[in-house]
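Open the model in your viewer and keep the selection panel at hand.

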Amino acid sequence: MSGVKRKRKVLNVKQKLDILQKLDNGESASTDAEDVLNEGNTISHSAALQSVETLLDFMGQRGWDYGDITAVRKICVDIRQEMNKQQKQRRITEFLKQ
């Protein structure tokens with residue numbers, strides 16, 4: 001991956017101060033820092049599903065073990081269930097807005 005540059009996420013001053021204040025109060029701030037740094041690094045369910053399905057195709061072509069393929073299929077099912085759950089929540093929200 002030479003030549004590929006990654007954009008580095010850096011905490012701003014306010015975020016750093018908030019984390020330092022929590023540390024001073026004896027609280028754990030590691031998850032706060034991770035949450036801030038991971039903002040924007042999410043992938044949509046449809047993109048994740050497409051990636052996993054591509055992986056399944058690859059595994060099938062290469063003759064991978066049935067147990068491994070089954071485990072990846074389970075990931076597809078989990079992603080679809082989450083997509084359906086979020087879609088249902090959006091429909092309810094839209095209905096209640098009317």
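Begin with the crossing of H3 and H4, which is left-handed; the term applies when the near helix is turned anticlockwise from the far one by less than a right angle, and clockwise would be right-handed. Helices here are DSSP runs (H or I, at least four residues), and strands are E runs of at least two, numbered from the N terminus.

Before going further, note that this is a predicted model, in which local features need pLDDT of at least 70, side-chain atom pairs count only at pLDDT 80 or more, and totals for chains, interfaces and linings use all residues. Numbering runs from 1 along each chain as its sequence is written, and side-chain values use heavy atoms, with hydrogens and water left out.

**The helix pair**

Look along the two axes. They come within 10 Å and cross at roughly 160°. Axes are lines fitted to C-alpha atoms, for helices over the stretch in contact, with angles from 0 to 180 degrees between N-to-C directions. H3 and H4 are therefore roughly antiparallel, a label for angles over 145 degrees.

Now select the contact residues (heavy atoms within 4.5 Å). On H3, they include His45, Ser46, Glu53, Leu55 and Gly60. On H4, pick among others Asp68, Arg73, Arg80, Glu82 and Gln86. Colour the whole contact by type: 12 residues are nonpolar, four polar and five charged. Here Ala, Val, Leu, Ile, Met, Phe, Trp, Tyr, Cys and Pro count as nonpolar, Asp, Glu, Lys and Arg as charged, and the others, Gly among them, as polar.

**The core**

Which residues form the largest nonpolar core? Select Ala48, Leu49, Val52, Leu56, Met59, Ile69, Val72, Cys76 and Ile79. Such a core is a set of buried Ala, Val, Leu, Ile, Met, Phe, Trp, Tyr and Cys residues joined through side-chain atoms within 4.5 Å. H3 (45-62) and H4 (66-97) each give two or more residues to this core. H3 supplies the largest share, five.

Centre on Leu56. Beyond its neighbours within four places in sequence, Leu56 touches Ile69, Val72, Arg73 and Cys76.

Go to Ser51, in helix H3. Its relative accessibility is 43%, so Ser51 counts as partly exposed; buried means under 20% relative accessible area and exposed over 50%, with partly exposed in between (1.4 Å probe, protein chains only). Draw a C-alpha distance from Ser51 to Cys76: 9.6 Å, across 25 residues of chain.

Next, Ile75 in helix H4. At 41%, Ile75 is also partly exposed. Its C-alpha lies 9.6 Å from that of Glu53, 22 residues away in sequence.

**Zoom out**

Of the 98 residues, 14% are buried.

How values were computed
Parallel < 35°, antiparallel > 145°, perpendicular 65-115°, else oblique.
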